[in-house]
Amino acid sequence: MAKWGNCEFKELKRFQERLEKMSKANLQKFCKEVSRELAARLLSKVIRRTPVGDYSHTITVIAKRDGKKHKKGEKYTKRVNPSGKLGGTLRRGWTAKTQEEAESGTGKTVSKDKISSWVDALPIKHIGNAYQIDVTNIVSYASYVENGHRTRGHNGWVEGKFMLTISEKEINTMLPKFIEQKLAEFINEVFK
């Protein structure tokens, strides 16, 4: 009669326990964390890419006395800002609560390390199988800078900067590799 031999099922039992642990793991929490990190990366990219207004202009000046850079009577150019306006409203608009906050400068542009904490405050929508975080700019003219617009006299066109569109494309190209890496970390954590 044939002899079948010995078989140990300890490893198979341990694998079954790990699979049960994985099924109990909070996949919804994992998806929300990944969504928040992606939103933070998107926000970081779009803020860097958002243009800042420059309200200064170049004037020609005659030096009144000798200085380090110019001799008395010499003509030179310099940039001045007679209006006193500062740019950055559109950039601050990504993290400001109101347009007035962005305009006044109190909605400071969030530094790279604070972006993730700012994104944590944003609501996550769970729609079907997708998780959605809305990253918006509250400044009224943001869409015109993004997509382009006609000039005041309607006789020309100002090209858009596409700061959000380009940033979204960059995120989408790195998305599969990023999710694969995060999923591997999640599985390794569960199977410890």
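**Close-up views of a predicted model**

**View 1. Helices α2 and α7 cross in a right-handed sense.** The model shown here and in the views below is predicted. Two packed helices are described by the angle between their axes and the distance between the axes. For α2 (residues 27-49) and α7 (residues 163-190), the angle is about 145°. Their axes lie 9 Å apart. The contact of α2 with α7 has 16 nonpolar residues. Seven charged residues and one polar residue also take part.

**View 2. The largest nonpolar core has 28 residues.** Leu-43, Val-46, Ile-47, Trp-94, Ile-115, Val-119 and Val-135 have the most contacts inside this core. Two or more residues come from each of α2, α5 (112-120) and α7. Helix α2 gives the most, with nine residues. In soluble globular proteins, nonpolar side chains tend to be buried together.

**View 3. Val-135 is among the core residues with the most contacts.** Neighbours within four places in sequence are left aside here. Val-135 then contacts Ala-39, Leu-42, Leu-43 and Trp-94. Of these partners, Leu-43 and Trp-94 are also listed among the residues with the most contacts inside the core.

**View 4. Ile-133 sits in the loop between β4 (130-132) and α6 (142-147).** Its relative accessible area is 16%. Ile-133 therefore counts as buried, since the cut-off for buried is under 20%. Arg-36 is 97 residues away from Ile-133 in sequence. In space, the two are 7.6 Å apart, C-alpha to C-alpha. Arg-36 is also one of the contacts of Ile-133, with neighbours within four places in sequence left aside.

**View 5. Gln-99 belongs to helix α4 (residues 99-104).** The side chain of Gln-99 reaches the backbone nitrogen of Ser-140. The distance is 2.8 Å. Ser-140 is joined by Ile-138 and Val-139 as contacts of Gln-99, again leaving aside neighbours within four places in sequence.

**View 6. Asn-188 lies in helix α7.** Its relative accessible area is 52%. Asn-188 is therefore exposed, as the cut-off for exposed is over 50%. Asp-120 is 68 residues from Asn-188 in sequence. The C-alpha atoms of Asn-188 and Asp-120 are 25 Å apart in space.

Methods:
Residues numbered from 1 in each chain as written. Predicted model: local features only at pLDDT ≥ 70, side-chain atom pairs only at ≥ 80, totals over all residues. Heavy atoms only, no water. Axes fitted to C-alpha atoms, helices over the stretch in contact; angles between N-to-C directions. Helix = DSSP H or I, 4+ residues; strand = E, 2+ residues; numbered from the N terminus. Left-handed = near helix turned anticlockwise from the far one by under 90°. Nonpolar A, V, L, I, M, F, W, Y, C, P; charged D, E, K, R; others polar. Polar contact = N/O pair within 3.5 Å; in protein donor to acceptor, adjacent residues only side chain to side chain. Contact = heavy atoms within 4.5 Å. Buried < 20%, exposed > 50% of the residue type's maximum accessible area, 1.4 Å probe, protein only. Core = buried A, V, L, I, M, F, W, Y, C linked by side-chain atoms within 4.5 Å.
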